[in-house]
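Take a look at the fold below before reading on.

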Amino acid sequence: MTLTMVEREGTQDPGGRVRRAPSVRRYQVCIARSTPADVSMGAADLHRPAQLRRMNRALLKHWDLSPCIDDAELVLTELATNAFQHGGGDDITVTWCADGAHLTIQVKDSSPVRPALQAVDEASEHGRGLCIVEALAASWGISEDGTTVHCALALPERAA
């Protein structure tokens, strides 16, 4: 597991003066798959969404974004589970980025197959993940190459 954390408080203009900008916080984790992408999830991969939820909770508490924890955990679980179940590549990369207005969560799985919203009913056992993301997020989308799904959760005004 590889972790990267970046926090930026301001930028310098050409005259050397520091301009205050909204604090941008970024955290990234890369998790190697325990099973190949085209095989059912193994025991270790089945535990990855729970590990990511714990990481999410700790990170958002550290960033003083506790009001966002529940929604972030839910969308993260859906996106990460989809990546481990349907994605490609040897690893999954999750990135959290918070600016003054949004918490953005990105999940990259290296698969060019674009996820799509599915029509579901009460009897459906699968297919609700992106519907949940769409319901909770201010916006969401898929990268042009299909490898990354991202969503933005609006931050409460006091956290912005």
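Predicted model: local features only at pLDDT ≥ 70, side-chain atom pairs only at ≥ 80, totals over all residues.

Residues are numbered from 1 along each chain as its sequence is written, and side-chain values use heavy atoms, with hydrogens and water left out.

Start with the elements. The protein has four helices and six strands. Both kinds are DSSP runs, numbered from the N terminus: helices are H or I with at least four residues, strands are E with at least two. Read from the N terminus, the order is β-β-α-α-α-β-β-α-β-β.

Next, the totals. The accessible surface comes to about 9,000 Å², and carbon and sulfur atoms hold 50% of that surface. Such areas come from the Shrake-Rupley method with a 1.4 Å probe; for residues, only the protein chains shown count as cover. Of the 160 residues, 38% count as buried. Buried means under 20% relative accessible area, exposed means over 50%, and partly exposed lies in between (1.4 Å probe, protein chains only). Among contacts with a separation of 6 or more, 60% join residues 24 or more positions apart. A contact means heavy atoms within 4.5 Å.

Now go inside. The largest nonpolar core has 34 residues. Such a core is a set of buried Ala, Val, Leu, Ile, Met, Phe, Trp, Tyr and Cys residues joined through side-chain atoms within 4.5 Å. Which residues touch the most other members? They are Trp-63, Val-94, Trp-96, Leu-103 and Ile-105. S2, H2, H3, S3, S4, H4 and strand S6 (148-154) each supply at least two residues of this core. H3 gives the most, with eight residues. Leu-103 shows how the parts meet. Leaving aside neighbours within four places in sequence, its contacts include Leu-60, Trp-63, Ala-72, Trp-96 and Cys-151.

Trp-96 also takes part in an aromatic pair. The structure holds one such pair. Why is it called tilted? The rings of Tyr-27 and Trp-96 have their centres 5.7 Å apart and their planes at 50 degrees, so the pair is tilted. Rings of Phe, Tyr and Trp (its six-membered ring) pair if their centres lie within 6.5 Å; planes under 30 degrees apart count as stacked, over 60 as edge-to-face and the rest as tilted. The pair links distant parts of the chain, with Tyr-27 in strand S2 (residues 18-32) and Trp-96 in strand S3 (residues 91-98), 69 residues apart. Tyr-27 is buried, because its relative accessibility is 12%. Trp-96 is buried too, at 0%.

A polar residue comes next. Glu-73 lies in helix H3 (residues 69-86). Glu-73 counts as buried, at 12% relative accessibility. Its side chain makes a polar contact with the side chain of Arg-57 (3.0 Å). A polar contact is a pair of N or O atoms within 3.5 Å; within protein, one must be able to donate a hydrogen and the other to accept it, and residues adjacent in sequence count only if both atoms are side-chain atoms. Not counting residues up to four places away in sequence, Glu-73 touches Arg-53, Asn-56 and Arg-57.

Finally, check the loops. Asp-64 lies between helix H2 (48-62) and H3. Its phi is near 60 degrees, a positive value in a residue other than glycine. Asp-64 counts as exposed, at 51% relative accessibility. Ser-110 sits in the loop between strand S4 (102-108) and helix H4 (129-136). Ser-110 is not a glycine, yet has a positive phi of about 70 degrees. With a relative accessible area of 38%, Ser-110 is partly exposed.
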